[in-house]
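Dear colleague,

I am handing over the structure we spoke about, so that you can look at it before reading my notes. Please open it first and keep it beside you while you go through what follows.

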Amino acid sequence: MIEQETNTAPRAFDGVRVVELAQWVFVPVAAALLADWGADVVRIEPPDGDPYRGLATQGIGADRGGPNLSMALANRGKRSIALDVRTDEGITVLHELLSSADVFITSLRPGALARLGLDAETLRLRYPRLIYARGHGFGARGPDSDKPGYDSSAFWARGGVGHTLTPPERDYPISQRGAMGDRNGAMALAFGISTALHEREKTDTGTVVDVSLLATAMWMLSSDLLVALNGGDVTSVTGRGPQVNPLTGTYRTRDLRHIQLMFLQGDRYWPAFARLIGRDDLIDDPRFVDMVARRENSAACVEELDGIFAKHTLDEWKQILHELDAPWAPVQSVHDVIDDPQVAANRYIGEVRLDDGHSYRLPAVPVQLGQEPPALRRAPEHGEHTEAVLLELGYDWEGIGSLADKGVIP
């Protein structure tokens with residue numbers, strides 16, 4: 001388990017300054033990934049805070065009574081400055097931050113950025129080495145480039161994911177789990193920024209990095225897109241039915257749990273599997289003797305395996321299949337996942353320890369460098385570092401007080 005720690009070892013993005021002007025999940029998570037690896041991320045929030053701070057959902061947000069874990073996951077390791085960038089003084093402070101920044105990352109729509117003079121063309125002209133990174137709902141061009149887009153709309157709905165994963169017998173599409181598209185898009189955006197920083201080492205010039213939730217969905221559905229692009233029929237998710245390869249199916253156990261087999265090389269694994277389950281007779285059964293036979297007799301093979309798997313519980317099957325050197329897995333609940341020995345051994349869940357002695361756990365970034373996950377640091381309170389950042393920019397206390405009097409900072 002990863003614990004918050006003071007680690008003085010060099011990290012990949014040490015010395016990289018990121019200025020974040022974003023809300024909700026998609027773009028803030030991308031900046032949090034950079035912070036995990038050492039970037040100094042200065043997060044600009046409006047004076048009344050990111051609306052995500054007030055979201056109450058699933059007992060992990062503002063309704064939890066303790067730390068807002070949704071905010072903690074999206075903003076770990078950053079500094080927060082509360083600033084009204086709609087004012088002349090606020091824009092001045094933002095530009096003072098940008099003058100020393102390596103990356104500007106934003107989720108604001110193109111129209112809003114243009115009105116603030118923060119569009120890509122303007123900032124790149126003023127700061128040629130700046131990496132300008134933006135996360136969109138639908139992309140930077142086209143008729144819908146300025147439309148608002150959350151992951152449930154831009155990724156799940158418009159990107160085809162919801163339709164593809166919905167069984168055809170349902171009256172309505174299934175709903176997306178929380179922020180699935182946002183966090184997938186964030187990984188792509190962080191990768192793009194990393195690539196742009198590497199490119200700048202060669203060119204000494206910044207560039208624009210674009211990632212949309214729509215494109216993220218399309219990338220995730222690449223296999224289905226390949227079918228559609230070549231004139232094929234993309235079928236919706238259905239019930240189990242007969243399998244083309246019964247050894248890539250899901251089977252129910254005696255305690256109504258499930259085992260997923262993924263024997264793509266069926267002929268390689270079939271004999272060892274049959275022996276392990278005590279059914280040597282199936283090895284040479286003419287109906288199942290090879291891939292062709294099992295395909296032609298798929299329904300019969302599935303029926304045979306259904307009966308076999310129904311004889312033991314999930315835990316019993318995990319013991320039986322443990323010695324089988326083939327791809328299979330129990331179908332786990334989320335609660336199963338957090339207790340999985342592999343999760344513990346690889347430190348895929350981190351712990352953040354707070355100054356008051358309390359702690360909370362978060363999923364760690366799935367990337368590890370040097371065989372280690374990054375140390376997790378807590379997320380900032382709203383505007384927690386406003387005064388400290390302004391002092392770094394050269395403001396004195398009189399100047400800070402003047403900004404507060406004008407409502408530029410709270």
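Leaving aside its neighbours within four places in sequence, aspartate 182 is in contact (heavy atoms within 4.5 Å) with Val25, Phe26, Asp151 and Leu213. Aspartate 182 belongs to helix 8, which covers residues 180–203; helices here are DSSP runs of H or I with at least four residues, strands are runs of E with at least two, and both are numbered from the N terminus. Aspartate 182 is buried and yet has no salt bridge, the nearest side chain of opposite charge being arginine 183, 7.1 Å away. In these notes buried means under 20% relative accessible area, exposed means over 50%, and partly exposed is in between, with a 1.4 Å probe and protein chains only. A salt bridge is a side-chain nitrogen of Lys or Arg within 4 Å of a carboxyl oxygen of Asp or Glu; for charge, Lys and Arg count as positive and Asp and Glu as negative, while His and the chain ends are not counted.

Before you read further, please bear in mind that this is a predicted model, in which local features need pLDDT of at least 70 and side-chain atom pairs count only at pLDDT 80 or more, whereas totals for chains, interfaces and linings use all residues. Residues are numbered from 1 along each chain as its sequence is written, and side-chain values use heavy atoms, with hydrogens and water left out.

A search of the whole structure for salt bridges finds 27. In one of them arginine 17 pairs with aspartate 40, the closest N and O atoms being 2.9 Å apart. This pair links distant parts of the chain, since arginine 17 is in strand 2 (residues 17–21) and aspartate 40 is in strand 3, 23 residues apart. Arginine 17 is buried at 15% relative accessible area, whereas aspartate 40 is partly exposed at 23%. Aspartate 40 also forms a salt bridge with arginine 79, at 3.0 Å from N to O. Arginine 79 lies in strand 4 (residues 79–82) and aspartate 40 in strand 3, so this pair ties together parts that are 39 residues apart in sequence. Arginine 79 is buried, with a relative accessible area of 15%.

Another salt bridge joins the side chains of glutamate 372 and arginine 347, at 2.4 Å from N to O. Glutamate 372 is in the loop between strand 12 (359–363) and helix 17 (386–392), and arginine 347 is in the loop between helix 16 (341–345) and strand 11 (349–353), so the pair ties together parts that are 25 residues apart in sequence. Both partners are partly exposed, glutamate 372 at 38% relative accessibility and arginine 347 at 26%. Salt bridges that share partners also join Glu20, Arg43, Glu45, Asp50, Arg53 and Lys78 into one network.

Glutamine 371, in the loop between strand 12 and helix 17, has a positive phi near 65° although it is a residue other than glycine, and glutamine 371 is exposed at 73% relative accessibility. Alanine 179, which is not a glycine either, has a positive phi of about 55°; alanine 179 lies in the loop between helix 7 (161–165) and helix 8 and is buried at 13% relative accessibility.

Finally, there is the second largest pocket, with a volume of about 790 Å³. A pocket is found on a 1 Å grid over the protein atoms alone, as an open set of points where a 1.4 Å probe fits, with protein on both sides within 12 Å along at least five of seven lines, and lining residues have an atom within 4 Å of a point. Grid points are joined across faces, edges and corners, and the volume is the space filled by probe spheres set on the points. The lining has 37 residues, of which Gln23, Trp24, Ser107, Leu108 and Arg109 lie nearest the centre of the pocket. Helix 4 gives the most to this lining, with four residues. By class the lining has 19 nonpolar, eight polar and 10 charged residues, where Ala, Val, Leu, Ile, Met, Phe, Trp, Tyr, Cys and Pro count as nonpolar, Asp, Glu, Lys and Arg as charged, and the others, Gly among them, as polar.

With best wishes
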